[in-house]
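Have the viewer open and follow along.

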Amino acid sequence: MNEQNYNSLKFILLLSILIVSLIYYSNFVVLSELTNPKIFFHWYNQDQYLLNYRDFGFIKRGLIGTIFNLNEENYKIISKLIVLFILFIIYTTFILLFFTVQNRNLQKYLILLSLSPFFFQQFGFDFGRFDIFGVAFFLLFIYFVKRNKYILAFELICPFLILIHEIHFFSVILFVVYIQILHGRNKLNIIYVCITSIIILIFLYFVGGIDDLVFKQYENKYWFIKAYFDKGHLESSMRLWTTDVFKFNSTIFFRHIISIIAYLSISFFLIKKNIDKNIILLIVFYFPCFIIGIDHARFLSLFILNLSIITLVFYDKYKYFNLPKFNNLFFLIIFLGPWGVNICLPILTIIKKALLYGTLTFH
């Protein structure tokens with residue numbers, strides 16, 4: 001083994017240890033709050049794997065449960081194995097992308113991204129949410145665009161990610177279209193991704209509900225039946241805004257607003273820098289997910305992850321954008337912990353509880 005291969009292997013091993021440690025920290029310390037040293041899979045994420053076409057008919061978010069034939073007897077184990085496998089794909093693809101970038105400054109920023117609150121820490125905290133399937137697809141798509149192979153296959157599959165979760169329209173498809181435009185893909189390919197995605201969204205809106213008889217059969221058995229199918233999406237969203245966001249007697253409201261302000265600030269910065277005229281469309285079309293849903297920290301995290309990967313991997317496409325020289329102090333961002341799901345910075349909650357516990361114990 002020559003010295004270069006040895007150094008690459010040593011780097012991969014070190015980064016792997018750091019990333020696995022951060023995932024475990026986010027999962028055990030921040031998510032489970034030191035209650036579960038094993039892999040903690042929150043019930044509201046794991047139970048979603050029971051959604052399938054077999055038991056409930058053609059419903060939204062039912063593709064994964066159908067493909068893997070998940071049921072009450074096997075989903076606890078199989079869903080966890082599926083998530084670990086997808087995280088392995090994400091990590092492996094990220095490493096492959098890392099080695100496609102030759103610029104040392106860009107590589108350092110990629111390492112920073114991987115250790116930041118918006119990547120693997122986030123996956124450990126929000127373990128198993130369907131977002132990871134979109135991230136895995138997106139990273140693989142970028143990798144093969146970089147190699148100029150199998151791009152058409154990914155474009156054909158892309159719209160059907162919406163059958164896994166509707167958020168993939170925002171978190172994957174919009175960014176795929178942006179990359180298509182950035183790389184001058186055939187207009188027919190772009191039109192196919194856009195039109196097919198919109199058709200699937202409309203189809204899900206009108207057909208992706210649940211039959212009344214099936215609803216009554218399962219409404220008291222599974223929490224997600226009432227949560228996802230009792231009311232229309234807009235009605236459910238407005239109810240969540242009034243009950244979960246507008247809580248002025250706590251920090252919850254302000255920790256929602258932080259993510260929205262951060263998104264608007266990043267958007268203003270990107271537009272001001274004029275790095276690419278098409279990025280304005282991406283920003284405009286992504287923003288509605290901050291209104292339709294209340295998982296503002298999650299939406300910001302996905303946006304930062306996707307756009308950072310695109311910018312760093314395809315840096316040569318941005319003629320008017322120069323990254324500052326990397327400063328090792330940037331790594332301090334790691335200590336913010338995972339960014340969160342609805343409210344940002346869950347580490348603040350952990351610190352508050354630890355201080356409160358310490359105060360009570362002292363007295």
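Which residues does Ile-310 touch, not counting residues up to four places away in sequence? They are Phe-138, Ile-142, Phe-175, Tyr-178, Ile-179, Leu-182, Tyr-315 and Tyr-318. Keep in mind that this is a predicted model.

**Nonpolar cores**
- Ile-310 belongs to the largest nonpolar core, which has 113 residues. Together with Ile-90 and Tyr-286, Ile-310 is listed as having the most contacts inside that core.
- Apart from that core lies another one, made of seven residues, including Val-30, Leu-31, Val-341 and Ile-347.

**Aromatic pairs**
- Searching the whole structure turns up 52 aromatic pairs.
- Take Phe-253 and Phe-254: their ring centres are 5.4 Å apart and their planes sit at 80 degrees, so this pair is edge-to-face. Phe-253 counts as buried because its relative accessible area is 15%, while Phe-254, at 48%, is partly exposed.
- Phe-269 and Phe-321 make an edge-to-face pair too, with centres 6.4 Å apart and planes at 75 degrees. Phe-269 sits in helix H15 (residues 252-273), whereas Phe-321 is in the loop between helix H18 (296-313) and helix H19 (346-362), so the pair ties together parts that are 52 residues apart in sequence.
- In that pair, Phe-269 is partly exposed at 38% relative accessible area, and Phe-321 is buried at 10%.
- Ring pairs also link up a cluster of Phe-138, Phe-169, Phe-170, Phe-175, Tyr-263, Tyr-286, Phe-287, Phe-290, Phe-299 and Phe-303.

**A buried isoleucine**
- Ile-225 lies in helix H13 (residues 223-229). Its relative accessibility is 0%, so Ile-225 counts as buried.
- Setting aside neighbours within four places in sequence, Ile-225 is in contact with Phe-56, Ile-210, Phe-215, Tyr-218, Glu-219 and Asp-230.
- For a sense of distance, the C-alpha atoms of Ile-225 and His-183 are separated by 42 Å, and the two residues are 42 places apart along the chain.

**A nonpolar patch outside**
- In soluble globular proteins, nonpolar side chains tend to be buried together.
- Here, though, Phe-58, Ile-198, Ile-202, Phe-203, Tyr-205, Phe-206 and Val-207 form a nonpolar patch on the surface, with about 730 Å² of accessible area together.
- One of them, Phe-206, lies in helix H11 (residues 187-207). At 65% relative accessibility, Phe-206 is above the 50% cut-off, so it counts as exposed.

Terms used
Residues numbered from 1 in each chain as written. Predicted model: local features only at pLDDT ≥ 70, side-chain atom pairs only at ≥ 80, totals over all residues. Heavy atoms only, no water. Patch = residues over 30% accessible without salt bridge, like charges linked within 9 Å, V, L, I, M, F, W, Y side chains within 5 Å. Areas by Shrake-Rupley, 256 points an atom, 1.4 Å probe, with all protein chains shown as cover. Salt bridge = Lys/Arg side-chain N within 4 Å of Asp/Glu carboxyl O. Helix = DSSP H or I, 4+ residues; strand = E, 2+ residues; numbered from the N terminus. Buried < 20%, exposed > 50% of the residue type's maximum accessible area, 1.4 Å probe, protein only. Core = buried A, V, L, I, M, F, W, Y, C linked by side-chain atoms within 4.5 Å. Contact = heavy atoms within 4.5 Å. Phe/Tyr/Trp six-rings, centres within 6.5 Å; stacked < 30°, edge-to-face > 60°.
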